[in-house]
Every structure is written in structure tokens, then in C-alpha cells.
Amino acid sequence: MTKSSAVLFILIFSLIFKLEELRAALVLVVLLIAGGLFMFTYKSTQFNLEGFALVLGASFIGGIRWTLTQMLLQKAELGLQNPIDTMFHLQPLMFLGLFPLFAVFEGLHLSTSEKIFRFQDTGLLLRVLGSLFLGGILAFGLGFSEFLLVSRTSSLTLSIAGIFKEVCTLLLAAHLLGDQISLLNWLGFALCLSGISLHVALKALHSRGDGGPKPLKGLGSSPDLELLLRNSQQEEGDNEEEYFVAQGQQ
């Protein structure tokens, strides 16, 4: 329930940094999704003040993180439109931020484990390393897709996609684990899906409205292509000038 506030924080920071325009439809979408997710998870667990504060703080910081990431990805002069470039610069900082926590909470356990550093079975070690390698590939793919989505759309769209994933997770939990879903929960589920559907429809209408020819400066996400087009236009202008000069001499 508290995590549903993440989309509200992303909207607030997107408005503060002028990444989104304040529109009634956009506010309606966010309220439908956040309110629907709140109702869908109502009374699904016991309240814990410490957990509430941690999740609320995480939602707040997550809103700042993704809005700033959108600014980095969509600012042409920084040259970080490619998700690989963004990951190359950001992932080392993320690793340095997480490594102290890993060292404190898992470092001693991992260093004394017989599965890795004190291994006795080579087959077990290879299976563990293979699992870690597979997890790393999946994490890389997830990060790449997130940065790609933010660079092409917005941090708000990424948050809404994440909420759709959470709704699917809750439905699977109800189906596989036998969690009880009340009428209020189903009503929240309907509201949440309505907000997501409205957001998709607005995005489709917006992209259709922008389907006309764009000026050359709109190619900022592809500087090589922009330079190529400029050189091509310059060569065409030079050829036309030479043609008119030749006609004048005749």
C-alpha cells in the first residue's frame, strides 16, 4: 500500500523538474493507479511503523532517482541517450553504494560458506557461479530495458509499467497461494487497470499527434545521423550553387 505512493512522488518531481506538464488527465491517471493499488492491497498485511517509514523513504528517493535519470537520458548534450553509456557511468557508482551493505550483512557469511570460498565440491561451485552469472545477465537486461524505456518515454511510464507488474504478482499470489481478495480489493484492481489503460491511450494519442515531420534538431538522440543529414544538405546546396554558376557562365 505504501509503495503505491511511488508514482505520486515521480509525478511531483517530474512537475518540479518540468519533465511533465500539469494536465488534468495526467493527474487523473496517477490518482486512479495509486488509489486503485492502495485499495487492491488493503488489509493484506499487518502495519509496521518501521517498515512503513522505510518503504515511504524508498518511494521518495525512487521518485528523485528516476526523474534525474530521465533528465540524464534525454539531455542531448550529455551524450547518454544510449542505455549502455548510461549503465557504464552509473553502475560503478551503484556498486560502490551497495558494496558496504553487502560487506556488513553478507560478507562474513559468504566468505565462510562452503559453496564459494571454502568449497569442497567443484560441481557445486560451478552451479553456484552459473546461477550468479545467470542472475547477472537477467539484472543487466532489466537495467538496460529500464533505461531504454525511460530514454524513449518517461520515468512516469516506467513506474506505471512496474505497477502493472506488481498487480500481476498479487493476482498470481491470490491464485497460487490462496490469498483472499475482497470486493474492495477487486474494485481497486479495476481502478488501477483503468488508470493504466487511460495512460496507454493518452500515450497513443500523443504519439499519433506527433507523427508529422520533425525538424532537424529533433534528432538529438542520434548525433551521427544528424551530422550525416547536415553534410548531405550542405553537399546538395553546393551542387545547386555550382549548377547556377555554370548556367550563368554559359
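Modeller: One term to start: helices (H or I, at least four residues) and strands (E, at least two) are DSSP runs, numbered from the N terminus. This is a predicted model, where local features need pLDDT of at least 70, side-chain atom pairs count only at pLDDT 80 or more, and totals for chains, interfaces and linings use all residues. Residues are numbered from 1 along each chain as its sequence is written, and side-chain values use heavy atoms, with hydrogens and water left out.

Colleague: OK. How many helices and strands does the protein have?

Modeller: Eight helices and zero strands.

Colleague: And which residues does the UniProt "transmembrane region" annotation cover?
Modeller: The unreviewed UniProt entry lists 21–40, 52–73, 93–112, 124–144, 156–177 and 183–202. Positions follow the numbering used here, feature names are shortened, and annotations may be inferred rather than shown by experiment.

Colleague: What is the chain doing over residues 124–144?
Modeller: It is 100% helix there, with end C-alpha atoms 30 Å apart. Residues 156–177 are also 100% helix, and their end C-alpha atoms are 31 Å apart.

Colleague: Switching to the inside. Which residues touch the most other members of the largest nonpolar core?
Modeller: Val7, Ile33, Leu156, Ile160, Ile163, Val167 and Cys192, out of 17 residues. Helices H1, H2, H6 and H7 each supply at least two residues of this core. H2 gives the most, with seven. A nonpolar core is a set of buried Ala, Val, Leu, Ile, Met, Phe, Trp, Tyr and Cys residues joined through side-chain atoms within 4.5 Å. Buried means under 20% relative accessible area, exposed over 50%, partly exposed in between (1.4 Å probe, protein chains only).

Colleague: What does cysteine 192 touch?
Modeller: Leu32, Ile33, Gly36, Leu37, Ile163 and Val167, not counting residues up to four places away in sequence. Contact means heavy atoms within 4.5 Å. Apart from that core lies another, of six residues, among them Trp66 and Met87.

Colleague: Glutamine 70 next. Buried or exposed?
Modeller: Buried, because its relative accessibility is 2%. Glutamine 70 is in helix H3, residues 49–73. Leaving out residues up to four places away in sequence, glutamine 70 touches Leu19, Val150, Thr153, Ser154 and Ser155.

Colleague: And where is phenylalanine 102?
Modeller: In helix H4, residues 83–111. Phenylalanine 102 counts as partly exposed because its relative accessibility is 31%.

Colleague: How much of the protein is buried overall?
Modeller: Buried residues make up 25% of the 250.
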